[in-house]
Amino acid sequence: MFEANGFRIHIPDYMPHLIQAIAEITEIHWCTTWRDRANSSIAPALGVGPFPVIDDGTDAMYPDWKAAAAYDLVSKAVGEGRSVIWIEDFYGDVPTEQMPAGVEYVDTAVVAHGAVLTPELLPPELQPL
């Protein structure tokens, strides 16, 4: 557990290794209400980054802005034949209608313990060995 920007954050013991393994095999972008603070606060705790940040230019604290802000980057990646996996605590509200076809979604909120990324939620190509 650590504190960042006035929040107490719990990172499971396995999470740094998991994110580091994903970062070794794919391109990662932050699309978070933390915006660039994710690079200064969370990335060091995970031992990764910094990563490019997707931002809508506001300081909105609700995630409604994310799909529109990520759309161009995601469209370009899908158009180039690259895989796009959006990992988020969607709570069942996945923005499939707002994103191009071909995006794979991982809803971390389907885990019984809350919105936590676990290795088994990832597609096989991103699961660490």
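Does asparagine 5 count as buried, partly exposed or exposed, and at what relative accessibility? Asparagine 5 comes out as partly exposed, because its relative accessibility is 40%; buried means under 20% relative accessible area, exposed means over 50%, and partly exposed is in between (1.4 Å probe, protein chains only). Before the close-ups, a word on reading them. This is a predicted model, in which local features need pLDDT of at least 70 and side-chain atom pairs count only at pLDDT 80 or more, while totals for chains, interfaces and linings use all residues. Residues are numbered from 1 along each chain as its sequence is written, and side-chain values use heavy atoms, with hydrogens and water left out.

**View 1. The whole chain, with its three helices and four strands.** Follow the sequence along and you get the pattern β-β-α-α-α-β-β. Helices (H or I, at least four residues) and strands (E, at least two) are DSSP runs, numbered from the N terminus. The radius of gyration is 14 Å, close to the 14 Å that the globule rule gives for 129 residues, so the chain is as compact as a globular protein of that length. That radius is taken over C-alpha atoms, and the globule rule is 2.2 Å times the number of residues to the power 0.38. Along its principal axes, the C-alpha trace spans about 40 × 40 × 30 Å. Buried residues make up 40% of the 129 residues.

View 2. The score here is pLDDT, the predictor's confidence in each residue, from 0 to 100. Confidence is lowest in strand 1 (residues 2-4), at a mean of 83, and highest in helix 3 (residues 66-79), at 96. Where pLDDT is low, the predicted coordinates should not be read in detail.

**View 3. Asparagine 5, in the loop between strand 1 and strand 2 (7-9).** Here's our residue from the opening question, partly exposed at 40% relative accessibility. Asparagine 5 has a positive phi of about 50°, although it is not a glycine.

**View 4. Arginine 35 and the ring of tryptophan 65.** Arginine 35 belongs to the loop between helix 1 and helix 2. Like any non-glycine in this legend set, it gets its own check of phi: arginine 35 has a positive value of about 50°. At 8% relative accessibility, arginine 35 counts as buried. Its charged end sits over the ring of tryptophan 65, 4.3 Å from the ring centre. Leaving out residues up to four places away in sequence, threonine 32 touches Ala38, Trp65 and Lys66. On that basis, threonine 33 touches Ala60, Met61, Tyr62, Trp65 and Lys66. Touching, or contact, means heavy atoms within 4.5 Å.

**View 5. Isoleucine 54, in the loop between helix 2 and helix 3.** Isoleucine 54 is buried, with a relative accessible area of 11%. Not counting residues up to four places away in sequence, isoleucine 54 touches His29, Trp30, Cys31, Trp65, Ala69, Ala70 and Leu73. Proline 50 is also found in the loop between helix 2 and helix 3, and a cis peptide bond joins it to glycine 49, with omega about 5°.

**View 6. Tryptophan 86 and tyrosine 105, both buried.** The structure holds five aromatic pairs. In this one, the ring centres of tryptophan 86 and tyrosine 105 are 6.2 Å apart and the planes are at 35°, so the pair is tilted. The pair links distant parts of the chain: tryptophan 86 is in strand 3 (residues 84-88) and tyrosine 105 in strand 4 (residues 103-107), 19 residues apart. Rings of Phe, Tyr and Trp (its six-membered ring) pair if their centres lie within 6.5 Å; planes under 30 degrees apart count as stacked, over 60 as edge-to-face and the rest as tilted. Trp86, Phe90 and Tyr105 form one aromatic cluster.

Conventions: Lys NZ or Arg CZ within 6 Å of the ring centre and 35° of its normal.
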